[in-house]
Amino acid sequence: AIADACTKVGLRAIVGEALLDGNTSAPERFNELGNKMLELKQRYKDNPYVDFNLAPHSIYGCSRQTLEKCAQVAADTGILLHMHLSETKSEVEQCIKEHGLRPVFYLKDIGIVDLPAVYAHGVWIDEEEIELLSEVPASIAICTESNLKLASGILPLASYKKHKVNLCFATDGVASNNNLDILSEMDVTAKLHKVVNNDPAFLPAVDIVRMATCDAAKALGISDKRGSLTVGKDADICILSLSELECQPLYNPYSHIVYALSSKNVRDVVVNGKIVLENRKLTQVDESSLTGESLPVEKKVSEVAFSGSIVRQGEMTALVFATGMNTYFGRTAKLVELAKTQSHFQKAVVKIGDYLIILAAVLVTIIFIVATQKHESFLQTLQFALVLVVAAIPAALPAVLSVTMAVGAMELAKKEAIVS
C-alpha cells in the first residue's frame, strides 16, 4: 500500500521491512525474515520510484539472533540496512550491561557494521566507535530536532567530520519532530554545532547542502543516479521560491537555502522528469483527498457539501441550511460536551481538589483554635482563613497536578510503557 501510494504521488521512497522481536520471535516468522522484502523488491523491480530494505529497529528492540539473520540476508542480497543507533545514553548503557560491548562494536561482532547501512541518530558514540564507522560503508542520519525535543543529546558532529564518516539528514518520526522539514533540520543543525564547537565558521552552508544532497545519495547507495544536477543522472529537481519579501536580498545561495528558506518555500518538485508539485500543488493526486475531504469532488444537485469541503474548480450554487452548533460538526461537539463519562484525568482533578479542600478545612480549624487560645482578633483570623481557602487551593492545584503527572510518567517509564 505504501509503495503504491508513493508511486501514485510520484514520491521516491525506500520502504523498510521493520523488525522488532515481538514481530519475529516465533520460529516460523523468524525463518521468513526478509522474504516479504525480497518479494516486494522483485515485484516492483521495474518501478523507478520505490525500493525496499531491511529495518531492524535497534539493538534494544531486536535480539542477537534477529540481527544476525538481518546481517545474513543483507550480505546475501546486497540490500541496505537501516536502524536506530545510540540515540540515548541509557540505550548505550543497556548494551554494555547486556552484551559487554558498546553498540558499534556489538554490531561489528554480529556482522552488521561491515555492511552498507544508514544509522539514525548516532548521538552517544565515542571516538573509537567513530573510527570504526569511518572504515566501513556506514552513514549517520542526523536527527537534530528530534534529539533536542526528546533531550536525547547532541551528536559529536565535529568528530564524525574529522574521521570522514558520511553524514546526511533525517527528521525522525512525526511524534518527535512534528514538522518533518529537512530544510529546518539543516538550519538548526548548522547553528547548534557552531555553538557547540564555539566556532561561527564551523560547518559552512555549502557543506550542509552537500550533506543533504550528494552525501544523502551516497548513504542510500544511489550517488551514481541522484544527489546532484549532473548530465546523465535522474531528473530529480526541487525548485525553491525567492519571490517572498523575506527571501530578499540574495547574496549567497547556499546560505540562503540553509538559513532563510523552509519547506514553505518549495514551489515545484520534479521527480524522474515528471512535475509532481507545481506552484505548491500536488499534480498527481487530488489534495482534498489528503486533507480530510472524503466526499466526491464532483457535486450534483441536492448533494450535501459539508463545512470544510474544498472546491478545486468550477462554481456551485448552494443553500446554507445550518450554522454554528446546528452543523454536523457543532452537533458532534455538543454530544461530546454532554457526555457523562469522566476521563481518568478529570477524576484525578476532582479527587485532588477534594483532598485540598479537606486539607484547607483542617488548617482553618487549627488556625481558629490557635487564634482563640491566643485571644487574637476574630475578624483578622477570619480574613486570613478566607485568603487561605480562596487563594491556596487554586495556587496549589497546578503544582500538585504537575507532581502527580511527573510521578505517573516516571512509573510508566520504569515499565517501558509507550503512551499515545
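**Reading a packed helix**

Mentor: In this predicted model, the buried residues of α7 pack against α5, β3 (81-85), α6 (89-99), β4 (117-121) and α8 (127-133).

Trainee: Which residues of helix α7 are buried?

Mentor: Buried here means under 20% relative accessible area, and within α7 (residues 103-110) this applies to P103, V104, Y106, L107 and I110. Because these residues cover an arc of only 160° around the axis, they lie on the same side of α7. Just after α7, G111 takes a positive phi of about 110°.

Trainee: How many residues has the largest nonpolar core, and which have the most contacts inside it?

Mentor: A nonpolar core is a set of buried residues joined through side-chain atoms, and the largest one here has 63 residues, with L54, L81, L107, Y119, L133 and Y160 having the most contacts inside it. Helix α5 (residues 64-77) gives the most to this core, namely 5 residues. Apart from it lies another core, of 6 residues, including L80, V118, A141 and A216.

Trainee: What does Y119 touch?

Mentor: Leaving aside residues up to four places away in sequence, Y119 touches M83, L85, L107, I112, V113, L133, A138, S139, I140 and A141.

Trainee: Which residues make the nonpolar surface patch, and why can L363 belong to a patch?

Mentor: Y355, I358, L359, V362, L363, I366 and V370 make a nonpolar surface patch of about 630 Å². Patch residues need over 30% relative accessible area, and L363, which is placed in helix α16 (residues 344-373), is partly exposed, with a relative accessible area of 37%.

Terms used. Residues numbered from 1 in each chain as written. Predicted model: local features only at pLDDT ≥ 70, side-chain atom pairs only at ≥ 80, totals over all residues. Heavy atoms only, no water. Patch = residues over 30% accessible without salt bridge, like charges linked within 9 Å, V, L, I, M, F, W, Y side chains within 5 Å. Areas by Shrake-Rupley, 256 points an atom, 1.4 Å probe, with all protein chains shown as cover. Salt bridge = Lys/Arg side-chain N within 4 Å of Asp/Glu carboxyl O. Helix = DSSP H or I, 4+ residues; strand = E, 2+ residues; numbered from the N terminus. Buried < 20%, exposed > 50% of the residue type's maximum accessible area, 1.4 Å probe, protein only. Core = buried A, V, L, I, M, F, W, Y, C linked by side-chain atoms within 4.5 Å. Contact = heavy atoms within 4.5 Å. Arc of directions from axis to C-beta.
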